[in-house]
Amino acid sequence: MAEAVLSLQGIRKTYNAGTEVETEVLHGIDMALFKGEFCALIGPSGSGKSTLLNIIGLLDRPTSGSLAIEGHDTGRLDDRGLTQLRGHSIGFVFQYHHLIPAFTAQENVMMPLLVQRGFPDAAMQARAEELLAQVGLTRWRNNKAMSMSGGQQQRVAIARALAANPAIVLADEPTGNLDTKSAETVFGMMRDVNLASGTSFLVVTHNMALAKRCDRIIEVVDGQIVASP
């Protein structure tokens with residue numbers, strides 16, 4: 001049986017607890033993501049997808065329940081421990097790439113490693129070059145982000161997400177801001193990386209055509225998982 005890199009049990013999230021406007025957004029989420037899986041997370045607006053993704057990404061804490069990443073019980077970690085685990089185990093790709101416009105593609109990919117190590121070195125530069133080659137952007141490695149197309153920028157963002165060799169990449173509507181051709185290229189690139197490296201992907205998308213090409217679809221409705229084959 002495949003190893004679970006992500007495991008959630010009984011995850012609940014309540015806002016304004018103890019007040020008249022107390023609202024429970026997640027109602028006991030149980031799910032797992034296995035090593036090498038490429039999963040889609042779908043659901044209507046307001047279903048709790050964003051809250052769930054923030055909790056999985058260690059950007060927010062659940063009200064109750066347990067969350068483990070690569071066997072680490074995140075409930076036992078303080079804020080510093082969560083930050084370290086996030087930096088080591090999780091990569092992020094967003095709908096808007098959030099690159100630094102005046103930095104080159106290579107410099108943008110190096111940023112997570114600079115945050116970890118505090119100074120650039122040859123190994124960091126080599127890692128960035130390797131990843132840009134993997135996403136087909138070697139020729140553009142010295143181009144500033146602001147001079148690149150939307151699809152190219154999103155491919156830089158994928159390379160950046162992989163810089164620290166995370167176990168999981170969380171992609172929040174990564175093709176939502178792209179035209180059809182660029183969206184296809186970016187999706188294919190993520191899938192290629194997944195198959196080549198064994199990195200697990202959890203992709204939030206409204207594009208059902210793309211979702212159906214994932215290994216598994218997890219559907220969230222009204223704060224509960226209603227389908228996870």
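Which residue takes a positive phi in the hairpin of E4 and E5? In this predicted model, the residue is Glu-70, with a phi near 50°. The hairpin has two residues between its strands.

**The sheet**

Strands E4 and E5 belong to an open sheet of four strands, ordered E2-E1-E4-E5, with antiparallel pairing. Strand E2 (23-34) and strand E5 (72-73) are at the edges; each has a single partner strand, so one side of each is left without a neighbour in the sheet. The pairings are listed below, each with one residue pair.

| Strand pair | Bridges | Direction | Residues paired |
|---|---|---|---|
| E1 and E2 | Nine | antiparallel | Ser-7 and Ala-32 |

Strand E1 covers residues 4-15 and is joined to E2 by nine bridges.

**Aromatic pairs**

How many aromatic pairs does a search of the whole structure find? The search finds two. In one of them, the ring centres of Phe-38 and Phe-187 are 5.6 Å apart and the planes stand at 85°; because an angle over 60 degrees counts as edge-to-face, the pair is of that kind. Phe-38 belongs to strand E3 (residues 38-42) and Phe-187 to helix H6 (residues 180-197), so this pair ties together parts 149 residues apart in sequence. Ring pairs also bring in Phe-201, giving a cluster of Phe-38, Phe-187 and Phe-201.

Phe-38 has a relative accessible area of 0% and is buried. Phe-187 is at 3% relative accessibility, and because the limit for buried is under 20%, Phe-187 also counts as buried.

Is Ser-47 buried or exposed? Ser-47 is buried, at 2% relative accessibility. Apart from neighbours within four places in sequence, Ser-47 is in contact with Val-220, Val-221, Asp-222 and Gly-223.

Definitions and conventions: Residues numbered from 1 in each chain as written. Predicted model: local features only at pLDDT ≥ 70, side-chain atom pairs only at ≥ 80, totals over all residues. Heavy atoms only, no water. Pairing = 2+ DSSP bridges. Phe/Tyr/Trp six-rings, centres within 6.5 Å; stacked < 30°, edge-to-face > 60°. Buried < 20%, exposed > 50% of the residue type's maximum accessible area, 1.4 Å probe, protein only. Contact = heavy atoms within 4.5 Å.
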